[in-house]
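Colleague: I have a model to go through with you. May I ask how you back up the words you use for it?

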Amino acid sequence: MLKELQSKTHMLAEALEAPSAVARQLAHNDQLYSDFGALLRKRAPTSVLTVARGSSDHAAHFMAYLIMARLGRLVTSLPMSLITLYQSQIACDGLVSMAFSQSGQSPDLVAPTRAFSDAGAITAAFVNEPESPLAHVAQWVFPLHAGREASVAATKSFITQLVAGARVVAAWQDNLVLQAALSGLPGVLSRAAHADWSAAVQTLRGATRLLVIGRGTGLPIAMEAALKFKETCAIQAEAFSGAEVKHGPMALIDEGYPMLIFAPRGPAQPGLLALADEMRQRGANVLLAAPAGTRGASLPIVETASIELDPISAIQSFYPMVEALARERGRNPDAPPHLAKVTRTN
């Protein structure tokens, strides 16, 4: 079974296609992003919502952090049941709603976007299927250009969502430096896709539980990694901020407990490196993802032209590793049990 899956899974092929998908996205819709950014500058929102689930919600979280850090605008992730179950009347004056989805099919993404559009909010959809129901109810539609994604485990669609969110921020700020950094991503991601993360496969082949740690723009990547460990490897992985792990989860850490810590460049890195040292002293088996040359790093992060984009490079390196880990554990990462590619929730 493992030999048949070797190098043939959709997940691996699609993860390795991500740099090309990013290049394809960056070659399209420049004017659309520019016009959207100009609108946000002209009609400065009083509130910003993201609407997403699963991997897409992690991508939305990444964009939200960039918006809050760079633009000083608070961003909220919408609990969709407020609309679909409780019929709450959300104030839409000055609201910008941004929905993220690979398929654009789920009713609990479509319903809030339709309601907000009808009530006068600015609504946008970042979607891989531009003819989907979600795209039809949003005022602004940003195709991901990821191409067909067959594996249940999202890879290239998640990475293109991260890039789309960063493009929104660059356009909103009219920031040429960030735009230039984005333009160099395909080459960086091509190198990141072949970075040697095999140490993680060796360490985690028999793991049943795992903590995944990040902070700042790295936290959404940790959340995505934890989800992939669960769905492809059947590892009970939980993501925490490096600042939150001491508020209870640290009680779990004992001799040999596996931890994956994402520590890309940036203000959060010193604290994450200190946490890695502390956890090693407790006996934890720490896998540290950080730029080459970083003390204690075992999983190299390929640096981008912007510190804030380094998490995109990190998840690009993560995906081939977790695909290999799933096969090592005798699992087919393309078809996790009980899951489907399109999830429809209300």
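Colleague: Which residue forms a salt bridge with Glu224, and how far apart are the closest N and O atoms?

Modeller: Lys228 does, with its closest N and O atoms 2.5 Å from those of Glu224. Bear in mind that this is a predicted model.

Colleague: Why is the contact between Lys228 and Glu224 called a salt bridge?

Modeller: The cut-off is a Lys or Arg side-chain nitrogen within 4 Å of an Asp or Glu carboxyl oxygen. Lys228 and Glu224 have 2.5 Å, so the pair qualifies. Side chains of opposite charge can pair when their charged atoms come close.

Colleague: Where do Lys228 and Glu224 lie?

Modeller: Both are in helix H12. They sit four residues apart, about one turn of the helix.

Colleague: Are Lys228 and Glu224 buried or exposed?

Modeller: Lys228 is buried, and so is Glu224.

Colleague: How many salt bridges does the structure hold?

Modeller: The structure holds 12 salt bridges. One of them joins Arg327 and Glu323, with the closest N and O atoms 2.8 Å apart. Those two residues lie in helix H14 (residues 310-328), again four residues apart. Arg327 and Glu323 are both buried.

Colleague: What makes the contact between the side chains of Arg295 and Asp277 a salt bridge?

Modeller: The N to O distance is 2.7 Å. The limit is 4 Å, so Arg295 and Asp277 pass. This pair links distant parts of the chain, 18 residues apart. Arg295 is in the loop between strand S9 (285-291) and strand S10 (299-301), while Asp277 is in helix H13 (residues 269-281).

Colleague: Why is Asp277 called partly exposed?

Modeller: Its relative accessibility is 25%. Buried means under 20%, and exposed means over 50%. Asp277 falls in between, so it counts as partly exposed.

Colleague: How do you know that Thr232 is buried?

Modeller: Thr232 has a relative accessible area of 1%. That is under 20%, so Thr232 is buried. This residue is in helix H12 (residues 219-233). Its side chain reaches the backbone oxygen of Lys228 at 2.7 Å.

Colleague: Why does Asp108 count as buried?

Modeller: Asp108 is at 0% relative accessibility. The cut-off is under 20%, so Asp108 counts as buried. Asp108 lies in helix H6 (residues 107-118).

Colleague: What makes the link between the side chains of Asp108 and Arg53 a polar contact?

Modeller: The distance is 2.5 Å. The limit for N or O atoms is 3.5 Å, so this pair is within it. The side chain of Asp108 also makes a polar contact with the side chain of Ser106, at 2.6 Å.

Colleague: Why is Gln89 called exposed?

Modeller: Gln89 has a relative accessible area of 73%. That is over 50%, so Gln89 is exposed. Gln89 is in the loop between helix H5 (81-84) and S3. Its side chain reaches the backbone oxygen of Gln87 at 3.2 Å.

Colleague: How do you know that Leu74 is exposed?

Modeller: Its relative accessible area is 70%. The threshold is over 50%, so Leu74 is exposed. Leu74 is in the loop between helix H4 (54-71) and strand S2 (75-77). With Tyr65 and Met68, Leu74 forms a nonpolar patch on the surface. Together the three have about 310 Å² of accessible area.

Colleague: How do you know that S1 and S3 pair?

Modeller: Pairing needs at least two bridges. S1 and strand S3 (residues 95-101) have five, in the parallel sense, so they pair. In S3, the bridge partner of Val51 is Ala99. S1 also runs parallel to S2, joined by three bridges. There, Val48 has Val75 as its partner.

Colleague: What makes strand S1 mostly covered?

Modeller: Four of the five residues in S1 (residues 47-51) are buried. S1, H4 and S2 make a right-handed β-α-β unit.

Colleague: How many bridges pair S6 with S7?

Modeller: Six bridges pair strand S6 (residues 209-214) with strand S7 (residues 236-241), in the parallel sense. The chain crosses from S6 through H12 to S7, and this β-α-β crossover is right-handed.

Definitions and conventions. Residues numbered from 1 in each chain as written. Predicted model: local features only at pLDDT ≥ 70, side-chain atom pairs only at ≥ 80, totals over all residues. Heavy atoms only, no water. Patch = residues over 30% accessible without salt bridge, like charges linked within 9 Å, V, L, I, M, F, W, Y side chains within 5 Å. Areas by Shrake-Rupley, 256 points an atom, 1.4 Å probe, with all protein chains shown as cover. Buried < 20%, exposed > 50% of the residue type's maximum accessible area, 1.4 Å probe, protein only. Right-handed = clockwise from strand over helix to strand, strands pointing away. Polar contact = N/O pair within 3.5 Å; in protein donor to acceptor, adjacent residues only side chain to side chain.
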